[in-house]
Amino acid sequence: MNTYKYILLFMGIALMGCSDLEESPIALLDPDGYFQTTEDLQAGIDGSLTHAINEEIWGRKLSIALMLRSDMVNLQSSQTRRVEMNTHTITGDNEMVYDPWKRIYLGISAANTVIQGANGVNEEESVLNPIVAQAYFARAFYYFHLVRLFGDVPYFDEPISDISAKSVSCTPEAEVYANIISDLEFAEEWLPNTVSTRAKPSKAAAKSYLALVYLTMAGTSDATYFQMAYDKAKEVITNKGTYDIDLDPDFQTLFNANLIDASKEPIFALDYNNVEAPNNAYDQTAPMTGIRGDDDDQGWSVAVPTMAVYDSFDPDDYRTRVSFQTEATIGGTTVDYTNFTISGHGDAANQPYIAKYTRYPGPYARGNKRATSHNYSMIRYAEVLLIAAEAGVEIGAADAVDFLNEVRERARNGGNSTNGGYVEETVPASSVPADLTSITVDDVLEERRIELAFEGKRWYDIKRRQLGDVVFSASGYEGDKPDWNASEDYDTPIPQDEIDRNPNLTN
Amino acid sequence: MNLKIKLTLLTLFSSVMLFAQSGITIKGTVVSATDNVPIPGVNVIVQNSTNGTTTDFDGNYQISVKKGDVIQFSYIGFVTKSITIGDQSTLNVSLSEDLAELEEIVVVGYGARKKSDLTGSVSAVKADELTAFPVLDAEQALQGRAAGVNVQSNNGGEPGAPISVRIRGNTSINASSAPLIVVDGFVGASMPQPGDIQSIQVLKDASATAIYGSQGANGVVMVTTKKGRSGKINIEVNSNYSIQSTANKLDLLNADDFTDYQNAVRQNVALTNGNTPTPYVRGDFDTDWQDLIYRTGNTQNHQLSVSGGSEKMKFYLSGTYFQQDGVLINSDYERVSVLANLDAQVTDKLQLGANLTTNVSQKAGVTTQSNGSVTVGGDDVVSLAMRFDPNKGIYDANGNFSTNDLIGDPVDNPWAVATQRDDDTEIENFRANFFANYDILEGLTFKTTFGLSSRNTFRGIYMPRTLIVTASGVNGRAIIDEDKTNSVLTESYLTYNKEIGKGILTLLGGYSFQKTTNKGSYSEGTGTIRDSFSYYGLYTATNLINGEGGDIYFNEREIQSFFGRVNFDYDDKYLFTATVRRDGSSSFAANEKYATFPSAALGWKVSNEDFLKDNNVISNLKLRGSYGVTGTQSIPAYQSLAILSSLYASSNGETVAAVTPFQNANPNLKWESSYQTNVGLDLGLLNNAISLSLDYYNIDTKDVLMVDNSIPDYFGLLNSNIITNAGEINNKGFEISLNTRNISKEDFSWTTDFVFSKNKNTATKLINGDDYFRNGAPSYFSVNNTSLLREGEEVGLFWGFDYAGVYQGGDLPAGTATLPNGVAGDPLFYDIDESGDITNDDRTIIGNPNPDFTWGLTNTFTYKNIDLNIFFQGSEGGQIFNMTNVQLNNGDANTTYDYYNSAWTATNTNTNQPRVGNNSSREMSSRFVEDGSYVRLKNLAIGYTFDTSIIEKLGMERLRLSVSGQNLLTFTDYSGLDPEVNYFGSAGDNNTSSNTVKGFDFGNYPTVRSFTFSLSAKF
């Protein structure tokens, strides 16, 4: 009998654990059925927009690429991918092309997931649409970068689940623009007038971007779009009270992580947080522009303006003070830029450095001023004024000059900045820059160059205004760029890896 | 023939007397020729009859025979003797030990076979080879010992570094190619301590591995631990102590030369960028950072085992203590292990047993091979010691640790990183396996096992404020990483044995179920309240760093299987084996839950045929052939499901929920299948004084799991690394295993063991035929695509610029160009795309890390009481990408005298080394690809075994003392520290089990040279 006891025991063990082999993950989200409430949608929107702070977009690779491709910032180091940006010899293998492309499409797909997911959320249009409108805005924000960089790009308005999307062709630039406008119009209609943080899209953000989109579409000569850009910018300007936006009295505040969130000037910003999130989801633009070998910045001295750029700024213009770091403390001694190399560091340069990122990176920045909590402005009120001014000049609007002078007037205020060694100092008001009495398009573009210096705007201005042959000639701020070729260098090559995967992608 | 064996034999073979036929009665005693001790249990058979008996406890037998009969005396481990009966009535026989036969029982999946009956390809490694010199992990001892097996430390001589084992090459690209380890029948176990291992068998061909189905494609390492035997209780003590030092050091510039070098670099850089050079001013120190971080290390290993038992109950108990102080300051390792094996004969038919083992290890590490958590490799002690400014002291003028603030990237000094940073890992392994064996009928046995294993890992890392660059800005950084894996396994199978005429049929059928659960968490924070809290201060962190979903995880996997095997041996000449396993796995997609893996093999013992039977030269000749299918299923759970990922986001200063698409569903994801053909030959000459095994194999792996790089990134998925069954890999190779007894005299013997392995690993099909790149460089090098997978090429070729020498100024040599702004002295490269510039489009294949062949050669000599073991191991033809020199020749770090003295200058133009401070920025080019062939004296050991007469008084049965040296000599042309390189990179494309990124050298923990004193005693 004993024997059978054992046999039964074994059979029990042997039969244990028959399974259907189905997987039931506990801590993973299934996209099907995830979106049930507006909070779920908001999580998708925050997911979409947070991609923009990543090192692959505004944390470094796109922001620095836009600086290097402009006539304002030179390369102080020699990495091939950055050299290509600076000399306009960009290949499809360049990571500064590929990584932003990849990351921007992550933002787009997250936005598309929200827009599709909203169909399953049972809410009134009046509750639902103001939320979803943020996703439309995010999608437009990302495609606007793509279309300005690459021209024709693959366009998707829903999450891609069908593998046949592997062989799509590029959507023509004009169609991409039409979709961007349609998204921004939806956003303009449904977004609220004011928002709890400028990192959330608002009605003013949608309108301001629409104005910039129209200005870009106008190119050098399209009067219809100049008119639309002017009208849309003026809508923002006229309703600035409703939208709670205005110029900040102190230009330095715009580049101060501690003060920027209270400022009325940013219209749309990115939410840089106070952590260094994984996958490089944090800022490294500051160290890229910082002085090397000094006591404070310990920067990487990569993106540095030429002397000619510095010399093109009026020394009495407060914006010069705010935009450039001309002094540094090295070995305990404060020196000016002619002595930056006394640090002995081989990569240091005796030139003024960009100050907009390094001067006030906020309390959370780590070594080299990485991982700032500074919510960088993507579009701010001064730019809207300059859009109105530029489009206004083009259509002959009389108030164009006023918008420009409003920007210059603020610069004369002076304000609270620092000198070398980051000692706080009040800069008194100045008579520079004086108001202009009449303006040309070039005046506005020059004003944009000074006002928006190093903010990632200049390359797009050069492209839309087709300024390359002038600014990259021997008379340009960076001297002659022999590799510049206007017939092909305005468009960024689509990443070669993507073309290898889908040979139909040509632009 | 000692008492212990006697008792064992008694237990195994209780005498069975058969009734004798009419005739004369012969009686006698059978003894061992070696020591004249009687052998119990010897089979005594009258040939061509059913008449037979066995010897009793005292080796005596008695049998009825007729005159002219031939009596055959046979026993495992001894040469069979046949004697024709004449007129005698007493026949005393002495059997000599058969050295070749001693190892002949080979453990295969769900059973054991005599080696001579094997049809598959199996390499065996003996216990004494595993303990010939101290190793932390028994897998290390397989290097150069088993043909077809390649072994490498993942990080040189780091205490506690993982070991990578590859059997017959890599069959996978993304899935792990680590072999399945089966310990005493437990599938997927961790390795026992070397001293507790009785034997290791490496199953290589499909005939041997297909019984493990979807887990068998990478080969199977079958480990059998030591078991108790009935009889006297044995106590064994094995102790060894090693002193260790770095085998090598780079010859780096001293402070004066470094100052000259830096000024030359700056002058030259100015030629490129037009800036005015900043003079480099000589500092107050002259520090040899390598000297500061290295020390004399030591290892000690002590094992105590007790074994014995009665007929009813046998046991083996063992405890092992291993401790190592690494040659890098602050790198230590300590481990305690316990093993208990119990066997109980409950009834005549029922046997129960248990294997229990546990070990706890603690590793205090310093970071080598930076994982990228600190930018610019600032946590990587070995490479920092090479890079760091020799003009700096440990401390600066303010008493802080000095930083690299005059050249290159800001990093903390290596001494500070090594001493200030905590990196502790504690691992607990536990495994229990219970089994029952029941003889249902004659020839029919049922066996069932039930086991569980668990592995818990705790890792804490802390970077204190004293690290100026790394952690002072954030007020300390703390990381705690915990991981827990549990596995439950139950297997049951029936084995049936039947003699059918001249044939022997063995059938096996069974069922297996295994469930593995893995969970863990990773937490990181900055701003701790006190450095003295170390990583435990994480709870005080003011700033917690959240992850993108991968930081807290839970995975569960189930595998259920049915398996069967048929063996049919006919006339001891013809062997046939067929196996099949049907596996279901939860980690495969909905449409592909089950797979079937068959195999078949034939063997022909040619030497048992009449025409060879009495051949004096050929004592053994067997031909083997097999074909079968095995699988790899080691991809993560949930890989086939659509997933939305959470990621870190904030809004208005608050952390908010955020999601983004992670991956799309992949309902067709399944296992990889390897179709393997094996042809082998076993040859024994001169009574097996020479035994040779040759194997040729061809493995076509299909449905190889690959990252589908054909999915464009505009799909917008965070994990664009969608794994799909797309690739094909071929491995073909040739293995030689040669063992010779060159001299076998009473006082002097000499044996030689030689293994040779040649494998060629080719990517035969990739998605759309596309090239597939990986990055093996440190992330701060800012380069990509250093390793290539291309259809028709070997796996893991180096990719980069093809160096064409130094530009001498003037016209560029045809077909070459420089990087932008090239001047005389700058590196020249072949302009592959003929664009006139060197851009990323000029990259091409520049090297091959795969060796042509590897080999091991062991010579063992014994003279009286002295034994000498010399073990060489080598690798031929593989290339190394010397990324250490990429960094050291870049101008922003210290450099070698070799480069400093040979670099191009206006007066030294006849050189292949470009000027210092040239226009390249850590370019990946053939300039840094070197031959990595080597021959290494892995072990040289001399031992002395005391005469029993001396040690008996001490109550000992055996006492052996030995002195040995490891890695004493290395012959190589490689200019780096060590040709056994395995940098696993910080760019995220590589890890410790990578198959595609290999052959890179950068900041490895150095391989060590050791001197070892060992004592082995048995009581």
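User: Happy to look at this predicted model with you. What makes two strands count as paired here?

Analyst: Two strands pair if DSSP finds at least two bridges between them. Strand 21 (residues 350-364) and strand 22 (residues 422-441) of chain B are joined by 15 bridges and run antiparallel. The cut-off is at least two bridges, so they are called paired. Within this pair, Asn359(B) stands opposite Asn429(B) of strand 22.

User: How do you know that strand 22 of chain B also pairs with strand 23 of chain B?

Analyst: By the same test: there are 19 bridges between strand 22 and strand 23 (residues 444-463) of chain B, in the antiparallel sense. At least two are needed, so this counts as a pair as well. Here Asn437(B) faces Lys447(B), a residue of strand 23.

User: And what lies between strand 22 and strand 23 of chain B?

Analyst: The two strands form a hairpin with 2 residues between them. In the turn, Gly443(B) has a positive phi of about 90°.

User: Which residues of chain B touch chain A, by class?

Analyst: The contact involves 79 residues from chain B and 76 residues from chain A. Strand 27 (residues 552-570) of chain B gives the largest share of chain B's side, 5 residues. That side has 41 nonpolar, 27 polar and 11 charged residues.

Note on methods:
Residues numbered from 1 in each chain as written. Chains lettered and ligands numbered in written order. Predicted model: local features only at pLDDT ≥ 70, side-chain atom pairs only at ≥ 80, totals over all residues. Helix = DSSP H or I, 4+ residues; strand = E, 2+ residues; numbered from the N terminus. Contact = placed C-beta atoms within 7 Å. Nonpolar A, V, L, I, M, F, W, Y, C, P; charged D, E, K, R; others polar.
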